[in-house]
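Please look through the model below before reading on. The paragraphs that follow move from the whole chain to single elements and side chains.

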Amino acid sequence: MQQQLYLPVINSLENLFKSKKDYDVIIQAGEDNDQKEIFAHSNILRYQSDYFDTAFSDNRVKRKDGKYFFEKPNISPYIFEIIIRHLYCGQLNLNVMNGPDILKLLVATEELGLDRVLSEYIQEFLIEDQNKFSQDDCIELLKIVFQHGTFTILEDYCLKTICQVPAILFGTDKILSLPAQILELLLKRDDLALDEIELWNNLVRWAHAQQPTVNKDPSKWTKDELILMEKMLLNFIPLIRFHNISSEEYYNKILPYDDLLPKKLRNEILKSYLVTNVEQIGLLPSRFSFDVNVNSVLINATHLSLFTGWIDKDDEALQIIPYKFNLIFRASRDGYKASVFHEKCNNEGSIIILGKIRGTNQIVGGYKPFYWEGPGVYKYTRDSFVFFFNDYRYIDTGKIGKLIDEDLTLICNGRWMPIFGKDLAMQLNGYKWTSSPYAYPNLNIPNNFEIDDYEVFQSDLNEKWIVISLWPEVLLCC
(Lines give C-alpha, C1' and ligand atoms only; values in the text may rest on other atoms or scores of the structure.)
Protein backbone atom coordinates (compact mmCIF):
# COMPACT_ATOMS: atom_id res chain seq x y z
CA MET A 1 0.00 0.00 0.00
CA GLN A 2 2.86 2.38 0.88
CA GLN A 3 4.52 1.76 -2.49
CA GLN A 4 1.25 2.58 -4.28
CA LEU A 5 1.02 5.89 -2.37
CA TYR A 6 4.55 6.80 -3.48
CA LEU A 7 3.96 6.01 -7.15
CA PRO A 8 2.27 9.35 -8.07
CA VAL A 9 5.18 11.25 -6.51
CA ILE A 10 7.75 9.12 -8.33
CA ASN A 11 5.87 9.51 -11.61
CA SER A 12 5.70 13.27 -11.14
CA LEU A 13 9.44 13.50 -10.53
CA GLU A 14 10.01 11.25 -13.53
CA ASN A 15 7.97 13.64 -15.69
CA LEU A 16 9.83 16.63 -14.27
CA PHE A 17 13.14 14.97 -15.10
CA LYS A 18 12.04 14.32 -18.67
CA SER A 19 10.38 17.68 -19.32
CA LYS A 20 13.13 19.81 -17.71
CA LYS A 21 10.40 22.37 -16.96
CA ASP A 22 11.65 25.41 -14.99
CA TYR A 23 15.17 23.98 -14.74
CA ASP A 24 17.75 26.21 -13.11
CA VAL A 25 20.90 24.05 -13.40
CA ILE A 26 22.93 23.41 -16.53
CA ILE A 27 25.60 20.71 -16.26
CA GLN A 28 28.24 20.50 -18.99
CA ALA A 29 29.15 16.80 -18.85
CA GLY A 30 31.94 15.10 -20.77
CA GLU A 31 34.46 16.58 -23.15
CA ASP A 32 35.45 16.80 -26.82
CA ASN A 33 33.09 14.75 -29.01
CA ASP A 34 31.37 13.19 -26.00
CA GLN A 35 29.91 16.34 -24.47
CA LYS A 36 26.36 17.30 -23.60
CA GLU A 37 24.33 19.80 -21.58
CA ILE A 38 22.15 18.21 -18.89
CA PHE A 39 19.35 20.22 -17.27
CA ALA A 40 18.21 19.83 -13.67
CA HIS A 41 16.63 21.56 -10.67
CA SER A 42 18.81 22.85 -7.84
CA ASN A 43 16.31 22.02 -5.06
CA ILE A 44 16.31 18.33 -5.96
CA LEU A 45 20.07 18.15 -6.41
CA ARG A 46 20.92 19.88 -3.13
CA TYR A 47 18.64 17.57 -1.09
CA GLN A 48 19.89 14.40 -2.79
CA SER A 49 23.61 15.10 -2.88
CA ASP A 50 26.06 16.55 -0.34
CA TYR A 51 28.28 17.62 -3.20
CA PHE A 52 25.60 19.77 -4.85
CA ASP A 53 24.31 21.07 -1.51
CA THR A 54 27.78 22.33 -0.56
CA ALA A 55 28.36 23.80 -4.01
CA PHE A 56 25.09 25.75 -3.98
CA SER A 57 25.50 26.88 -0.36
CA ASP A 58 29.05 28.19 -0.81
CA ASN A 59 28.22 29.98 -4.04
CA ARG A 60 31.10 28.17 -5.71
CA VAL A 61 29.06 27.64 -8.87
CA LYS A 62 28.93 30.11 -11.73
CA ARG A 63 25.51 31.72 -12.03
CA LYS A 64 24.05 33.63 -14.94
CA ASP A 65 20.49 34.71 -15.75
CA GLY A 66 19.19 32.84 -12.70
CA LYS A 67 20.81 29.52 -13.68
CA TYR A 68 23.69 27.57 -12.13
CA PHE A 69 26.45 26.30 -14.44
CA PHE A 70 28.50 23.17 -13.65
CA GLU A 71 31.37 21.76 -15.72
CA LYS A 72 32.10 18.05 -15.29
CA PRO A 73 34.45 16.95 -18.10
CA ASN A 74 35.53 13.81 -16.21
CA ILE A 75 32.00 12.32 -16.09
CA SER A 76 30.44 11.26 -19.40
CA PRO A 77 26.93 12.47 -20.34
CA TYR A 78 25.72 8.84 -20.31
CA ILE A 79 26.84 8.31 -16.71
CA PHE A 80 25.65 11.75 -15.56
CA GLU A 81 22.14 11.25 -16.95
CA ILE A 82 21.88 7.93 -15.12
CA ILE A 83 22.85 9.66 -11.88
CA ILE A 84 20.48 12.62 -12.35
CA ARG A 85 17.60 10.28 -13.15
CA HIS A 86 18.36 8.32 -9.97
CA LEU A 87 18.37 11.54 -7.93
CA TYR A 88 14.93 12.42 -9.27
CA CYS A 89 13.05 9.16 -9.06
CA GLY A 90 15.31 6.64 -7.32
CA GLN A 91 15.57 4.38 -10.38
CA LEU A 92 18.78 2.63 -11.37
CA ASN A 93 18.88 -0.29 -13.79
CA LEU A 94 22.39 -1.77 -13.71
CA ASN A 95 21.35 -4.82 -15.72
CA VAL A 96 21.53 -2.85 -18.98
CA MET A 97 25.04 -1.55 -18.27
CA ASN A 98 28.41 -3.21 -18.89
CA GLY A 99 31.09 -3.65 -16.24
CA PRO A 100 33.35 -0.71 -17.19
CA ASP A 101 30.40 1.72 -17.23
CA ILE A 102 29.17 0.46 -13.87
CA LEU A 103 32.64 1.11 -12.46
CA LYS A 104 32.59 4.64 -13.90
CA LEU A 105 29.17 5.12 -12.31
CA LEU A 106 30.54 3.99 -8.95
CA VAL A 107 33.44 6.46 -9.14
CA ALA A 108 31.02 9.27 -10.07
CA THR A 109 28.72 8.52 -7.13
CA GLU A 110 31.64 9.03 -4.76
CA GLU A 111 32.66 12.31 -6.38
CA LEU A 112 29.10 13.60 -6.18
CA GLY A 113 28.65 12.59 -2.54
CA LEU A 114 25.75 10.23 -3.14
CA ASP A 115 24.33 7.89 -0.55
CA ARG A 116 26.68 5.22 0.87
CA VAL A 117 23.96 2.58 0.46
CA LEU A 118 23.95 3.25 -3.30
CA SER A 119 27.72 2.81 -3.45
CA GLU A 120 27.50 -0.50 -1.60
CA TYR A 121 24.70 -1.68 -3.90
CA ILE A 122 26.77 -0.93 -7.01
CA GLN A 123 29.84 -2.66 -5.56
CA GLU A 124 27.86 -5.78 -4.70
CA PHE A 125 26.30 -5.80 -8.17
CA LEU A 126 29.75 -5.69 -9.76
CA ILE A 127 30.79 -8.69 -7.69
CA GLU A 128 27.66 -10.80 -8.07
CA ASP A 129 26.24 -9.89 -11.48
CA GLN A 130 29.39 -8.75 -13.28
CA ASN A 131 31.53 -11.57 -11.93
CA LYS A 132 33.41 -12.16 -15.20
CA PHE A 133 34.35 -8.49 -15.50
CA SER A 134 35.42 -8.17 -11.88
CA GLN A 135 37.53 -11.35 -12.08
CA ASP A 136 39.05 -10.84 -15.54
CA ASP A 137 40.16 -7.29 -14.72
CA CYS A 138 40.74 -7.89 -11.01
CA ILE A 139 44.20 -6.29 -10.92
CA GLU A 140 43.24 -3.13 -12.82
CA LEU A 141 39.98 -2.98 -10.87
CA LEU A 142 41.91 -3.08 -7.60
CA LYS A 143 44.20 -0.26 -8.75
CA ILE A 144 41.17 1.94 -9.45
CA VAL A 145 39.35 0.95 -6.29
CA PHE A 146 42.45 1.55 -4.17
CA GLN A 147 42.42 5.22 -5.17
CA HIS A 148 38.99 5.56 -3.55
CA GLY A 149 39.04 4.74 0.14
CA THR A 150 35.27 4.24 0.33
CA PHE A 151 35.02 1.21 -2.00
CA THR A 152 35.88 -1.25 0.76
CA ILE A 153 33.57 -4.03 -0.47
CA LEU A 154 35.22 -4.15 -3.89
CA GLU A 155 38.69 -3.76 -2.40
CA ASP A 156 38.16 -6.73 -0.07
CA TYR A 157 36.76 -8.78 -2.95
CA CYS A 158 39.74 -8.05 -5.21
CA LEU A 159 42.27 -8.78 -2.49
CA LYS A 160 40.53 -12.03 -1.59
CA THR A 161 40.36 -13.07 -5.25
CA ILE A 162 44.09 -12.52 -5.70
CA CYS A 163 44.82 -14.42 -2.48
CA GLN A 164 42.75 -17.39 -3.66
CA VAL A 165 43.99 -17.25 -7.26
CA PRO A 166 47.49 -15.76 -6.92
CA ALA A 167 48.55 -16.80 -10.45
CA ILE A 168 46.52 -13.92 -11.90
CA LEU A 169 49.18 -11.61 -10.44
CA PHE A 170 52.18 -13.42 -8.99
CA GLY A 171 54.50 -14.87 -11.58
CA THR A 172 53.15 -12.51 -14.26
CA ASP A 173 54.41 -9.16 -15.54
CA LYS A 174 51.39 -7.49 -13.92
CA ILE A 175 53.15 -7.54 -10.59
CA LEU A 176 55.98 -5.38 -11.94
CA SER A 177 53.73 -2.29 -12.14
CA LEU A 178 51.76 -3.00 -8.98
CA PRO A 179 51.63 -0.01 -6.59
CA ALA A 180 53.70 -0.58 -3.45
CA GLN A 181 50.71 -0.02 -1.15
CA ILE A 182 48.73 -2.82 -2.80
CA LEU A 183 51.64 -5.26 -2.70
CA GLU A 184 52.10 -4.46 0.98
CA LEU A 185 48.41 -5.15 1.65
CA LEU A 186 48.66 -8.52 -0.08
CA LEU A 187 51.78 -9.59 1.80
CA LYS A 188 50.14 -8.67 5.10
CA ARG A 189 47.25 -11.06 4.49
CA ASP A 190 47.20 -14.47 6.13
CA ASP A 191 45.06 -16.03 3.39
CA LEU A 192 47.49 -15.54 0.50
CA ALA A 193 47.63 -19.06 -0.95
CA LEU A 194 51.14 -19.14 -2.35
CA ASP A 195 54.37 -20.74 -1.16
CA GLU A 196 56.39 -18.26 0.85
CA ILE A 197 59.46 -18.70 -1.32
CA GLU A 198 57.38 -17.77 -4.37
CA LEU A 199 56.31 -14.60 -2.59
CA TRP A 200 59.97 -13.77 -1.99
CA ASN A 201 60.83 -14.43 -5.65
CA ASN A 202 58.04 -12.13 -6.80
CA LEU A 203 59.05 -9.47 -4.30
CA VAL A 204 62.59 -9.47 -5.71
CA ARG A 205 61.26 -9.18 -9.29
CA TRP A 206 59.03 -6.29 -8.24
CA ALA A 207 61.89 -4.47 -6.49
CA HIS A 208 64.16 -4.75 -9.54
CA ALA A 209 61.33 -3.41 -11.73
CA GLN A 210 61.04 -0.35 -9.50
CA GLN A 211 64.80 0.18 -9.63
CA PRO A 212 65.77 -0.89 -13.17
CA THR A 213 69.27 0.64 -12.95
CA VAL A 214 70.26 -1.62 -10.05
CA ASN A 215 72.41 -4.59 -11.08
CA LYS A 216 70.39 -7.83 -11.29
CA ASP A 217 73.28 -9.66 -9.59
CA PRO A 218 73.24 -8.67 -5.88
CA SER A 219 76.85 -9.80 -5.45
CA LYS A 220 77.86 -6.91 -7.72
CA TRP A 221 75.87 -4.19 -5.98
CA THR A 222 77.58 -0.96 -5.09
CA LYS A 223 77.02 0.54 -1.66
CA ASP A 224 74.53 3.01 -3.13
CA GLU A 225 72.60 0.22 -4.85
CA LEU A 226 72.41 -1.75 -1.62
CA ILE A 227 71.07 1.30 0.25
CA LEU A 228 68.53 1.92 -2.52
CA MET A 229 67.22 -1.67 -2.40
CA GLU A 230 67.17 -1.66 1.42
CA LYS A 231 64.91 1.40 1.38
CA MET A 232 62.74 -0.13 -1.33
CA LEU A 233 62.14 -3.36 0.62
CA LEU A 234 62.16 -1.95 4.16
CA ASN A 235 58.39 -2.38 4.70
CA PHE A 236 58.15 -5.70 2.83
CA ILE A 237 60.81 -7.98 4.31
CA PRO A 238 59.10 -8.15 7.76
CA LEU A 239 55.97 -9.45 5.96
CA ILE A 240 57.70 -12.59 4.65
CA ARG A 241 57.08 -15.62 6.88
CA PHE A 242 60.64 -16.99 6.82
CA HIS A 243 59.71 -19.91 9.09
CA ASN A 244 57.78 -21.35 6.11
CA ILE A 245 60.87 -21.31 3.89
CA SER A 246 63.11 -24.36 3.91
CA SER A 247 66.86 -24.12 4.46
CA GLU A 248 67.45 -25.26 0.87
CA GLU A 249 65.14 -22.56 -0.49
CA TYR A 250 66.81 -19.99 1.74
CA TYR A 251 70.25 -20.98 0.54
CA ASN A 252 69.34 -20.90 -3.15
CA LYS A 253 67.01 -17.90 -3.30
CA ILE A 254 67.46 -15.62 -0.29
CA LEU A 255 71.10 -15.94 0.74
CA PRO A 256 72.27 -13.94 -2.32
CA TYR A 257 70.17 -11.05 -0.93
CA ASP A 258 71.25 -11.67 2.65
CA ASP A 259 72.59 -8.13 3.07
CA LEU A 260 69.06 -6.79 2.73
CA LEU A 261 67.95 -8.57 5.90
CA PRO A 262 68.47 -6.97 9.32
CA LYS A 263 71.09 -8.74 11.44
CA LYS A 264 68.53 -9.75 14.07
CA LEU A 265 66.33 -11.36 11.43
CA ARG A 266 69.29 -13.26 9.93
CA ASN A 267 70.14 -14.64 13.37
CA GLU A 268 66.53 -15.77 13.95
CA ILE A 269 66.46 -17.53 10.58
CA LEU A 270 69.77 -19.28 11.30
CA LYS A 271 68.47 -20.36 14.70
CA SER A 272 65.32 -21.84 13.13
CA TYR A 273 67.45 -24.05 10.89
CA LEU A 274 69.79 -25.18 13.65
CA VAL A 275 67.45 -25.48 16.64
CA THR A 276 64.29 -27.55 16.82
CA ASN A 277 60.88 -26.23 17.88
CA VAL A 278 61.29 -22.70 16.44
CA GLU A 279 57.74 -22.18 15.23
CA GLN A 280 57.78 -18.51 14.27
CA ILE A 281 60.22 -15.88 13.03
CA GLY A 282 59.22 -12.26 13.49
CA LEU A 283 55.81 -10.94 14.52
CA LEU A 284 53.63 -12.59 11.88
CA PRO A 285 52.35 -16.17 12.19
CA SER A 286 52.13 -18.62 9.32
CA ARG A 287 49.53 -17.82 6.73
CA PHE A 288 46.38 -19.82 7.37
CA SER A 289 47.26 -22.27 4.63
CA PHE A 290 50.42 -23.25 6.49
CA ASP A 291 49.23 -23.50 10.07
CA VAL A 292 48.87 -27.28 9.74
CA ASN A 293 51.90 -29.53 9.92
CA VAL A 294 51.84 -31.67 6.77
CA ASN A 295 54.02 -34.75 6.54
CA SER A 296 54.44 -34.72 2.76
CA VAL A 297 57.15 -34.44 0.13
CA LEU A 298 54.60 -33.44 -2.51
CA ILE A 299 52.14 -30.93 -1.04
CA ASN A 300 51.69 -28.43 1.79
CA ALA A 301 48.73 -27.32 3.88
CA THR A 302 47.53 -25.02 1.10
CA HIS A 303 46.57 -28.08 -0.89
CA LEU A 304 44.88 -29.68 2.11
CA SER A 305 42.80 -26.53 2.63
CA LEU A 306 41.60 -26.86 -0.97
CA PHE A 307 40.96 -30.61 -0.63
CA THR A 308 38.93 -29.86 2.49
CA GLY A 309 36.85 -27.34 0.54
CA TRP A 310 36.26 -29.89 -2.23
CA ILE A 311 35.27 -32.56 0.27
CA ASP A 312 32.79 -30.10 1.82
CA LYS A 313 31.47 -29.33 -1.69
CA ASP A 314 32.97 -25.85 -1.72
CA ASP A 315 35.02 -24.73 -4.72
CA GLU A 316 37.30 -22.59 -2.58
CA ALA A 317 40.01 -23.40 -0.07
CA LEU A 318 38.81 -23.27 3.52
CA GLN A 319 40.55 -20.87 5.90
CA ILE A 320 40.31 -23.41 8.72
CA ILE A 321 41.05 -27.09 8.08
CA PRO A 322 38.55 -28.98 10.27
CA TYR A 323 40.01 -32.43 9.61
CA LYS A 324 43.29 -34.14 10.33
CA PHE A 325 45.14 -35.64 7.38
CA ASN A 326 47.50 -38.44 8.36
CA LEU A 327 50.11 -39.79 5.96
CA ILE A 328 49.65 -43.57 5.91
CA PHE A 329 51.58 -44.49 2.77
CA ARG A 330 54.42 -43.08 0.68
CA ALA A 331 55.69 -45.16 -2.22
CA SER A 332 59.30 -43.99 -2.01
CA ARG A 333 59.32 -44.95 1.67
CA ASP A 334 57.06 -48.01 1.79
CA GLY A 335 57.48 -49.53 -1.67
CA TYR A 336 55.36 -49.81 -4.80
CA LYS A 337 53.83 -53.29 -4.28
CA ALA A 338 50.04 -53.65 -4.17
CA SER A 339 50.26 -55.83 -1.06
CA VAL A 340 52.05 -53.09 0.89
CA PHE A 341 49.57 -50.48 -0.28
CA HIS A 342 46.63 -52.56 0.97
CA GLU A 343 48.37 -53.48 4.20
CA LYS A 344 48.67 -49.80 5.08
CA CYS A 345 45.57 -48.31 3.43
CA ASN A 346 42.75 -50.86 3.81
CA ASN A 347 40.16 -50.11 6.52
CA GLU A 348 41.53 -46.59 7.05
CA GLY A 349 38.35 -44.68 6.21
CA SER A 350 38.30 -41.67 3.90
CA ILE A 351 41.56 -41.23 2.01
CA ILE A 352 43.21 -38.98 -0.58
CA ILE A 353 45.73 -40.40 -3.04
CA LEU A 354 48.07 -38.14 -5.00
CA GLY A 355 51.12 -38.58 -7.18
CA LYS A 356 53.64 -36.27 -8.87
CA ILE A 357 54.05 -36.86 -12.61
CA ARG A 358 57.68 -37.50 -13.44
CA GLY A 359 59.64 -34.62 -14.97
CA THR A 360 56.85 -32.05 -14.37
CA ASN A 361 55.30 -29.96 -11.61
CA GLN A 362 51.98 -31.72 -12.17
CA ILE A 363 50.14 -33.57 -9.42
CA VAL A 364 47.21 -35.92 -9.97
CA GLY A 365 45.05 -37.83 -7.53
CA GLY A 366 41.64 -38.77 -6.18
CA TYR A 367 39.47 -38.92 -3.08
CA LYS A 368 37.25 -41.71 -1.78
CA PRO A 369 34.99 -41.26 1.25
CA PHE A 370 34.89 -44.81 2.64
CA TYR A 371 36.92 -47.84 3.69
CA TRP A 372 39.00 -49.68 1.13
CA GLU A 373 38.51 -53.33 1.99
CA GLY A 374 37.76 -56.86 0.88
CA PRO A 375 37.96 -58.78 -2.40
CA GLY A 376 35.26 -57.99 -4.96
CA VAL A 377 33.28 -55.60 -2.75
CA TYR A 378 30.94 -53.23 -4.60
CA LYS A 379 30.38 -49.76 -3.14
CA TYR A 380 28.50 -46.67 -4.22
CA THR A 381 29.11 -43.02 -3.42
CA ARG A 382 28.15 -39.55 -4.53
CA ASP A 383 31.21 -37.92 -3.05
CA SER A 384 34.37 -39.21 -4.73
CA PHE A 385 36.38 -37.02 -7.10
CA VAL A 386 39.66 -36.86 -9.00
CA PHE A 387 41.88 -33.79 -9.30
CA PHE A 388 44.76 -32.41 -11.32
CA PHE A 389 47.26 -29.60 -10.64
CA ASN A 390 49.06 -28.35 -13.73
CA ASP A 391 51.64 -26.77 -11.39
CA TYR A 392 51.46 -27.84 -7.76
CA ARG A 393 53.28 -24.67 -6.67
CA TYR A 394 50.18 -22.65 -7.57
CA ILE A 395 47.03 -23.82 -5.86
CA ASP A 396 44.77 -22.09 -8.39
CA THR A 397 45.94 -24.51 -11.12
CA GLY A 398 44.08 -27.29 -9.29
CA LYS A 399 40.95 -28.64 -10.98
CA ILE A 400 38.40 -31.04 -9.54
CA GLY A 401 36.48 -33.68 -11.49
CA LYS A 402 33.31 -34.87 -9.75
CA LEU A 403 31.85 -38.25 -10.64
CA ILE A 404 29.31 -38.02 -13.48
CA ASP A 405 28.81 -41.59 -14.75
CA GLU A 406 26.35 -43.57 -12.64
CA ASP A 407 27.05 -46.84 -14.41
CA LEU A 408 30.62 -47.30 -13.23
CA THR A 409 31.05 -49.94 -10.53
CA LEU A 410 33.36 -49.77 -7.52
CA ILE A 411 35.30 -52.96 -6.82
CA CYS A 412 37.71 -53.42 -3.94
CA ASN A 413 40.30 -56.07 -4.79
CA GLY A 414 43.52 -56.67 -2.90
CA ARG A 415 45.37 -57.71 -6.06
CA TRP A 416 44.95 -54.31 -7.70
CA MET A 417 46.50 -50.91 -7.16
CA PRO A 418 44.24 -47.83 -6.73
CA ILE A 419 41.82 -47.31 -9.62
CA PHE A 420 39.36 -44.44 -10.09
CA GLY A 421 37.23 -45.82 -12.89
CA LYS A 422 39.05 -45.61 -16.21
CA ASP A 423 39.95 -42.02 -15.37
CA LEU A 424 42.90 -42.69 -13.09
CA ALA A 425 44.48 -46.09 -12.60
CA MET A 426 47.78 -47.45 -11.35
CA GLN A 427 49.39 -50.44 -12.95
CA LEU A 428 50.62 -53.22 -10.71
CA ASN A 429 54.18 -51.88 -10.62
CA GLY A 430 52.81 -48.76 -8.91
CA TYR A 431 54.82 -46.10 -10.76
CA LYS A 432 53.09 -46.31 -14.15
CA TRP A 433 49.64 -44.69 -14.25
CA THR A 434 47.02 -44.31 -16.97
CA SER A 435 44.09 -41.98 -17.50
CA SER A 436 41.13 -42.14 -19.88
CA PRO A 437 38.20 -39.76 -19.19
CA TYR A 438 35.05 -41.76 -18.65
CA ALA A 439 33.33 -41.46 -15.29
CA TYR A 440 34.72 -38.00 -14.46
CA PRO A 441 35.11 -34.78 -16.49
CA ASN A 442 38.17 -34.47 -18.70
CA LEU A 443 40.83 -32.62 -16.66
CA ASN A 444 43.50 -33.00 -19.38
CA ILE A 445 45.42 -35.55 -17.34
CA PRO A 446 48.05 -37.24 -19.56
CA ASN A 447 46.91 -40.63 -20.88
CA ASN A 448 50.04 -42.54 -19.89
CA PHE A 449 52.66 -41.33 -17.45
CA GLU A 450 55.12 -42.35 -14.76
CA ILE A 451 55.27 -40.83 -11.29
CA ASP A 452 58.18 -39.74 -9.13
CA ASP A 453 56.31 -40.63 -5.95
CA TYR A 454 52.80 -40.97 -4.58
CA GLU A 455 51.26 -40.55 -1.13
CA VAL A 456 48.07 -41.58 0.63
CA PHE A 457 46.48 -39.52 3.40
CA GLN A 458 43.79 -40.76 5.76
CA SER A 459 41.35 -38.12 6.99
CA ASP A 460 39.36 -38.19 10.21
CA LEU A 461 36.11 -36.86 8.72
CA ASN A 462 32.93 -38.86 9.18
CA GLU A 463 32.41 -41.69 6.68
CA LYS A 464 29.89 -41.01 3.91
CA TRP A 465 28.22 -44.23 2.87
CA ILE A 466 25.56 -44.51 0.17
CA VAL A 467 24.71 -48.16 -0.34
CA ILE A 468 21.58 -47.60 -2.44
CA SER A 469 21.09 -44.57 -4.68
CA LEU A 470 18.75 -43.60 -7.49
CA TRP A 471 21.82 -42.12 -9.22
CA PRO A 472 24.62 -44.31 -7.91
CA GLU A 473 27.76 -42.46 -8.90
CA VAL A 474 30.39 -45.08 -8.34
CA LEU A 475 34.12 -45.29 -7.88
CA LEU A 476 36.26 -48.21 -8.93
CA CYS A 477 38.99 -48.85 -6.41
CA CYS A 478 41.19 -51.69 -5.39
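What follows is a walk through this predicted model, from overall totals to local detail.

Residues are numbered from 1 along each chain as its sequence is written, and side-chain values use heavy atoms, with hydrogens and water left out. Because the model is predicted, local features need pLDDT of at least 70 and side-chain atom pairs count only at pLDDT 80 or more, whereas totals for chains, interfaces and linings use all residues.

The protein has 17 helices and 15 strands, where helices (H or I, at least four residues) and strands (E, at least two) are DSSP runs numbered from the N terminus. Of its 478 residues, 49% are buried; here buried means under 20% relative accessible area, exposed means over 50%, and partly exposed covers what lies in between (1.4 Å probe, protein chains only). The accessible surface comes to about 24200 Å², and carbon and sulfur atoms account for 49% of it, the areas being computed by the Shrake-Rupley method with a 1.4 Å probe and, for residues, with only the protein chains shown counting as cover. Among contacts (heavy atoms within 4.5 Å) between residues at least 6 apart in sequence, 65% join residues at least 24 apart.

Strand S1 (residues 25–31) and strand S2 (residues 34–40) run antiparallel and are joined by 7 bridges, two strands being taken to pair if DSSP finds at least two bridges between them. Within this pairing, Gly-30 has Gln-35 of S2 as its bridge partner. The two strands form a hairpin with 2 residues between them, and Asp-32, which is placed in the loop between S1 and S2, has a phi near 55 degrees, a positive value in a residue other than glycine. Most residues other than glycine have a negative phi. At 68% relative accessibility, Asp-32 counts as exposed.

Helix H10 (residues 180–188) holds the buried residues Ile-182, Leu-183, Leu-186 and Leu-187. Seen down the axis of H10, these buried residues fall within an arc of 135 degrees, so they line one face of the helix; the arc is that of the directions from the helix axis to the C-beta atoms. The partners against which the buried residues of H10 pack are helix H8 (138–146), helix H9 (152–164) and helix H11 (196–210).

Between H8 and H9 there is a loop that contains Phe-151, a residue that is buried with a relative accessible area of 1%. Leaving aside residues up to four places away in sequence, Phe-151 touches Leu-106, Val-107, Glu-110, Ser-119, Gln-123 and Val-145. Phe-151 and Ser-119 are 32 residues apart along the chain, yet their C-alpha atoms are separated by 7.6 Å.

The charged side chains come next. The structure holds 18 salt bridges, each being a side-chain nitrogen of Lys or Arg within 4 Å of a carboxyl oxygen of Asp or Glu. Lys-143 forms one of them with Glu-140, with the closest N and O atoms 3.4 Å apart; being 3 residues apart in helix H8, the two are separated by about one helical turn. Lys-143 is buried at a relative accessible area of 17%, whereas Glu-140 counts as partly exposed at 47%.

A further salt bridge joins Arg-205 to Asp-173, their closest N and O atoms lying 3.2 Å apart. This pair links distant parts of the chain, with Arg-205 in helix H11 and Asp-173 in the loop between H9 and H10, 32 residues apart. Arg-205 is partly exposed, with a relative accessible area of 31%, and Asp-173 is exposed, with 58%. Asp-258 and Arg-266 also form a salt bridge, with 3.7 Å between the closest N and O atoms; Asp-258 is buried at 18% relative accessible area, and Arg-266 counts as partly exposed at 26%. Elsewhere, Lys-356, Arg-358, Glu-450 and Asp-452 are linked in a network of salt bridges.

The loop between helix H14 (263–274) and helix H15 (301–311) contains Val-275, which is partly exposed at 41% relative accessible area. Together with Leu-270 and Leu-274, Val-275 makes a nonpolar surface patch of about 300 Å². Patches are made of residues with over 30% relative accessible area and no salt bridge, like charges being joined within 9 Å and nonpolar side chains (Val, Leu, Ile, Met, Phe, Trp, Tyr) within 5 Å. The loop between H14 and H15 also holds Asn-277, whose phi is near 70 degrees, a positive value in a residue other than glycine. Asn-277 counts as exposed at 73% relative accessibility.
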